[in-house]
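Good morning, and thank you for coming. Please look at the sequence and the structure on the screen, and I shall then go through them one chain after the other.

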Amino acid sequence: MNVKRSPWLLHYDGSSCNGCDIEVLAALTPVYDAERLGVVNTGDPMQADIFLITGGINAQNAPVVKQLYDQMPRPKVVVAVGVCACTGGIFKETYNVLGGADTVIPVDIYVPGCAARPQSIIDGIVQAVALFQQRSDEHDALVKSQKGAN
Amino acid sequence: MGKKSVVPFGPQHPVLPEPLHLDLVIEDEVVEEAIPSIGFIHRGLEGLAEKRDFNEMMYIAERTCGICSFGHGLGYVEAVEHIMNVQVPDRARYLRTIWSELERLHSHLLWLGLAADAFGFESLFYEAWRIREKVLDIHEMTCGGRLIFSVNKVGGVLRDINADQQKFILDQMNVLEKEIKNIAKVFLEDYSVQSRSKGIGVLTTKQAHELGAVGPFARACGIKNDIRLTGYCAYGELDFEPIVSNDCDCYARLEVRIKELFQSIDLVRQAFAKIPAGELETKVAGFPKGEYFVRI
């Protein structure tokens, strides 16, 4: 199934300073317009295919991030936007930050930058879309083989 | 009297750029009460201040908030400069003023866009953010970053704005003024915007005072309070009047912010007209010791 043109985004702010969040939004607004790639920003994790997470993980948001990830249907792709989501960044040594997004969920694509620029966020989305297509194909093949076995 | 019910809202929600959890108490489809629980983005910057050098801390202070980063950094360096008794050169003071006003422009446009998004006016949101990109281009040209400036340092600034850049910024101010006038008309005169903002979210002057409201929010509640009047940076040498509205509702907040956009453009022009040539920073020796309180 060709899903390249219709992946939906879910955006969640872990503990970022808002810089990356507004860059994610800026990437979706007319000047950069990531929506031309067919992505739509959705608020519902159950309809989302690509999870954009900004900011590091702290004790309070760790279960929230985990739950959002679990609620998303398979196949899914996770993009960590900004250094804080990649490694914890400048806040790595603070007492309340556990680390990057990969401390609680598996991250596929890392977008560096502080704040990550809209261009690099779009690049991350493009890579995520390709990976999403690949995973979707694998998923289809798996379903087919299981049907064949029955 | 209807039955009361509680609807959980957040921490993840499409209209929220930041996580916040609200328990909305609803009666007859009207929100009667909202009980917040916060702390989802708590990082613990204050702990980091103990581990870092005071010069490095400026960059961390800026990352308190990506939308108003310059303001946070400015507050930090002003405080340290007062403790260390450092006299900042005039040119640096004016440059700081210009950057703060540019940041105010981008921040207000962002707020207005998100407000438009929240009351369901998608095209107005896109228009406000399209105009905002012009301000971000100026940030990028003068500082290298779109949101995080990192041009302040204890004792002055790191970068200068040269004559070519100054001309470009002043040209852009004319363009911005024209474009903001277009969206101002929609924000202030459109029927659908008025029906979603007039008389909504009223915070009386007394309540605002008791709750300690600040900035444009307080000014929209009729409190004539503008910290810029205290004259930090070069504000003491520029001519402006705080913009106040007495309506206390969401419409007043839109109005105050839109008028402040024009005020910021005016302040940038004034600052460029008065900016003196000279040094960008003074040498700083020793370490800060003491306490100081700054309001920005």
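This is a predicted model: local features need pLDDT of at least 70, side-chain atom pairs count only at pLDDT 80 or more; totals for chains, interfaces and linings use all residues.

Let me begin with burial in chain A: of its 150 residues, 55% are buried, where buried means under 20% relative accessible area, exposed means over 50%, and partly exposed lies in between, with a 1.4 Å probe and protein chains only. Residues are numbered from 1 along each chain as its sequence is written, chains are lettered from A and ligands numbered from 1 in the order in which they are written, and side-chain values use heavy atoms, with hydrogens and water left out.

How many helices and strands does chain A have? Chain A has 4 helices and 7 strands; these are DSSP runs numbered from the N terminus, with H or I and at least four residues for helices, and E and at least two residues for strands. Their order along the sequence is β-α-β-β-β-α-β-α-β-β-α. The radius of gyration of chain A is 16 Å, close to the 15 Å from the globule rule for 150 residues, so chain A is as compact as a globular protein of that length. This radius is taken over C-alpha atoms, and the rule is 2.2 Å times the number of residues to the power 0.38. The box filled by the C-alpha atoms of chain A, along the principal axes, is roughly 55 × 35 × 20 Å.

Consider next helix α1 of chain A, residues 19–28. Here 10 of the 10 residues are buried, so the helix is largely enclosed by the rest of the structure. Among them are A:C20, A:D21, A:E23 and A:L28.

Contacts, meaning heavy atoms within 4.5 Å, come next. In chain A, 80% of the contacts with a separation of 6 or more are between residues 24 or more positions apart. For chain B, the share joining residues at least 24 apart is 68% of the contacts between residues at least 6 apart in sequence.

We now turn to chain B as a whole. Chain B contains 10 helices and 5 strands, and 49% of its 296 residues count as buried. The C-alpha trace of chain B spans about 70 × 45 × 35 Å along its principal axes. The domain assignment, which is automatic or from a database, gives domain 1 (4–37) and domain 2 (49–274). The C-alpha centres of these two domains of chain B lie 29 Å apart.

Is B:R228 buried or exposed? B:R228 is buried, with a relative accessible area of 2%, and is placed in the loop between α9 (215–219) and α10 (250–274) of chain B. Leaving aside neighbours within four places in sequence, B:R228 is in contact with several residues, including B:E101, B:R104, B:Y235 and B:E260.

The second residue, B:Q165, lies in helix α6 (residues 163–189) of chain B. B:Q165 is also buried, with a relative accessible area of 16%. Not counting residues up to four places away in sequence, B:Q165 touches B:M141, B:T142 and B:D160.
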